[in-house]
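Here is a walk through one model, a few residues and strands at a time. Keep the viewer open and follow along.

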2 protein chains.
Amino acid sequence: MIVVDGVHTEVVRALDRGLMYGDGVFRTLRMEQGRAVTWSQHYAKLGADCARLQIECPARATIDVSIAQIAAAQPQCVLKIVVTRGPGTRGYRPPAETRPTLIVASSPLPQYPQRYYSHGVKARICATRAGVQPRLAGVKSLNRLDNVLARMEWDDPEIAEGLMLDPQGNLIGGTMTNVFCVRDGVLCTPALESCGVAGVQRDRIIAHAIRETISCEVKTLSLSEALNADELFVCNSVIGVWSLAQIDTRTWTPGPMTRRISAALREADDAAGA
Amino acid sequence: MIVVDGVHTEVVRALDRGLMYGDGVFRTLRMEQGRAVTWSQHYAKLGADCARLQIECPARATIDVSIAQIAAAQPQCVLKIVVTRGPGTRGYRPPAETRPTLIVASSPLPQYPQRYYSHGVKARICATRAGVQPRLAGVKSLNRLDNVLARMEWDDPEIAEGLMLDPQGNLIGGTMTNVFCVRDGVLCTPALESCGVAGVQRDRIIAHAIRETISCEVKTLSLSEALNADELFVCNSVIGVWSLAQIDTRTWTPGPMTRRISAALREADDAAGA
């Protein structure tokens with residue numbers, strides 16, 4: 001089901017700047033029992049990302065109306081919320097008066113094998129590097145060709161995620177996830193100052209670590225440092241947390257920190273929904 | 001006027017991957033007297049750019065039908081031709097079977113002041129740097145937020161173009177143009193191996209230089225090297241060639257090489273249309 005600017009439809013204007021230039025941002029989250037999980041955090045990110053592009057973010061109440069339309073029809077789904085700068089005339093310069101386009105769309109909740117959660121997943125290192133653009137770093141913009149090209153690198157259904165590096169070979173994240181590693185009890189996640197997307201789950205995990213006084217470093221993380229970690233996991237708002245069980249010939253078993261973080265996020269989700 | 005997949009319409013599917021991820025490419029060219037100027041070269045680029053993204057480019061004859069529809073209604077216009085990977089399901093991975101979307105749209109020919117051609121234009125240096133992504137370098141993809149952000153930097157109608165640098169401070173091109181400089185009779189244009197768009201006019205100018213045995217270098221070009229050039233000009237398929245008359249406090253008068261190149265392109269266009 002798709003709701004565009006409050007109207008149930010299948011289409012958008014062909015000259016929307018979201019299509020012409022990728023001039024917009026988006027969020028992807030779970031809808032469970034008609035409730036958009038962690039929507040407050042996603043709305044905050046949506047607003048912050050819109051601000052980075054100087055797009056006026058629709059009011060939360062406006063988006064809530066579209067979410068409610070979808071919740072009534074599909075209480076269990078993946079929710080995608082897109083805000084573009086709206087229709088435009090030709091040329092990179094936005095028109096003097098813009099009216100952002102709001103697209104709220106549902107898709108089926110993916111059914112991942114239970115072993116992804118109990119034993120972890122197999123991942124690979126992508127040859128496609130994350131593009132460097134500090135003005136967009138961290139932002140979940142509609143310019144996502146890096147991720148598309150990286151995801152096109154493999155067909156093997158056994159490989160659940162691909163990790164992307166920056167041009168210097170530092171780990172940035174998965175094609176659709178953020179990544180964390182654990183070494184000697186210290187949690188670590190890549191700094192996203194020149195590329196990558198800073199997801200809601202990443203923020204939640206950092207906040208959880210601070211609350212629980214788990215040491216957590218946000219820093220430049222070389223691939224070898226990550227591969228030598230005791231634990232490695234990826235996260236996003238649809239999958240939750242997946243422990244990485246194998247990358248090439250290296251293997252790990254799900255570790256205590258990954259289990260602890262994963263359980264904490266699930267508990268927080270359940271508490272919010274109770 | 002907009003023609004999508006051969007049908008006169010205003011809309012496209014909301015979940016087209018062109019909108020969701022900027023997963024597509026485009027061309028912009030002039031239609032004059034019902035003739036798409038330099039269309040052969042643009043079609044070759046469209047095909048090459050599609051190939052870079054592994055998108056199946058529509059046959060030229062298919063696009064020709066849509067162009068003819070527009071030519072009949074608007075024989076003088078700017079023609080924009082967009083090819084996306086087509087509608088998709090959620091997720092970066094393209095579906096196993098994709099059907100590319102073809103959008104052909106017209107917009108009014110811009111009316112630039114005559115002095116832009118006789119005296120040159122004022123330009124500025126953008127603070128927004130060109131994003132680095134070798135996998136997309138040269139490709140005119142729908143991921144154009146760098147250009148949008150750079151173009152948003154100024155409102156002054158006296159400034160016709162902004163020049164963009166790479167993170168190392170080397171000149172890449174204008175927000176909507178390619179750039180050339182001339183020093184001691186040698187033509188030079190930035191190499192576009194890690195960022196930028198390699199336009200049709202740029203190719204034509206390089207080809208013209210080779211034919212006319214004008215020395216032409218395609219290389220890393222520092223900003224200071226460019227600013228110290230005898231002549232500096234920008235080009236694209238809509239504007240043709242604009243000599244740069246001023247950047248900050250530096251000024252130039254249109255030089256002989258710029259005039260010669262500009263005249264040669266116009267003559268070739270006229271000859272093709274005759």
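## Thr128(A) and its polar partners

In this predicted model, the side chain of Thr128(A) makes a polar contact of 2.6 Å with the side chain of Glu153(A). A second polar contact, at 2.5 Å, links the side chain of Thr128(A) to that of Arg135(B). To find Thr128(A), look in the loop between strand 8 and helix 5 (145–151) of chain A.

Is Thr128(A) buried or exposed? Its relative accessibility is 0%, so Thr128(A) counts as buried, the cut-off being under 20%. If you skip the neighbours within four places in sequence, Thr128(A) is in contact with Asp146(A), Leu149(A), Ala150(A), Glu153(A) and Met164(A), and also with Gln133(B) and Arg135(B) from chain B.

## Strand 8 of chain A

Strand 8 covers residues 121–125 of chain A, and four of its five residues are buried, which leaves the strand mostly covered. Strand 8 of chain A runs parallel to strand 9 (residues 159–165) of chain A, and four bridges join the two. For a landmark on that pairing, check Lys122(A), which stands opposite Ile159(A) in strand 9 of chain A.

Strand 8 of chain A is also joined to strand 15 (residues 240–247) of chain A, this time by three bridges, and again the strands run parallel. Here Ala123(A) is the one to click on: it stands opposite Ile247(A) in strand 15 of chain A.

Thr84(A) has Thr101(A), in strand 7 of chain A, as its bridge partner.

## Arg85(B), a buried arginine

Over in chain B, Arg85(B) is found in the loop between strand 6 (77–84) and strand 7 (101–107). Arg85(B) counts as buried because its relative accessibility is 3%. What does its side chain make a polar contact with? One partner is the side chain of Asp23(B), at 2.6 Å. The backbone oxygen of Leu53(B) also lies 2.9 Å from a polar atom of the Arg85(B) side chain.

Leaving out neighbours within four places in sequence, the residues in contact with Arg85(B) include Arg17(B), Asp23(B), Leu53(B), Gln54(B) and Ile55(B), as well as Val148(A) and Met152(A) from chain A. Gly34(B) sits 51 residues from Arg85(B) along the chain, with 28 Å between their C-alpha atoms.

## Two residues with positive phi

Thr38(A) isn't a glycine, yet its phi is positive, near 60 degrees. Thr38(A) lies in the loop between strand 5 and helix 2 (39–52) of chain A, and is buried because its relative accessible area is 10%.

Asp248(B) is another non-glycine residue with a positive phi, near 50 degrees. Its place is the loop between strand 15 (240–247) and strand 16 (250–251) of chain B. With a relative accessible area of 55%, Asp248(B) is exposed.

Cys77(B) is in no disulfide either, the nearest cysteine sulfur being that of Cys57(B), 19 Å away. Cys77(B) is also buried, with a relative accessible area of 1%.

## How the two chains relate

The same surface serves both copies, as 100% of the contact residues of chain A recur in chain B.

Key: Residues are numbered from 1 along each chain as its sequence is written. Chains are lettered from A and ligands numbered from 1 in the order in which they are written. This is a predicted model: local features need pLDDT of at least 70, side-chain atom pairs count only at pLDDT 80 or more; totals for chains, interfaces and linings use all residues. Side-chain values use heavy atoms; hydrogens and water are left out. Buried means under 20% relative accessible area, exposed over 50%, partly exposed in between (1.4 Å probe, protein chains only). Contact means heavy atoms within 4.5 Å. A polar contact is a pair of N or O atoms within 3.5 Å; within protein, one must be able to donate a hydrogen and the other to accept it, and residues adjacent in sequence count only if both atoms are side-chain atoms. Two strands pair if DSSP finds at least two bridges between them. A disulfide is a pair of cysteine sulfur atoms within 2.5 Å.
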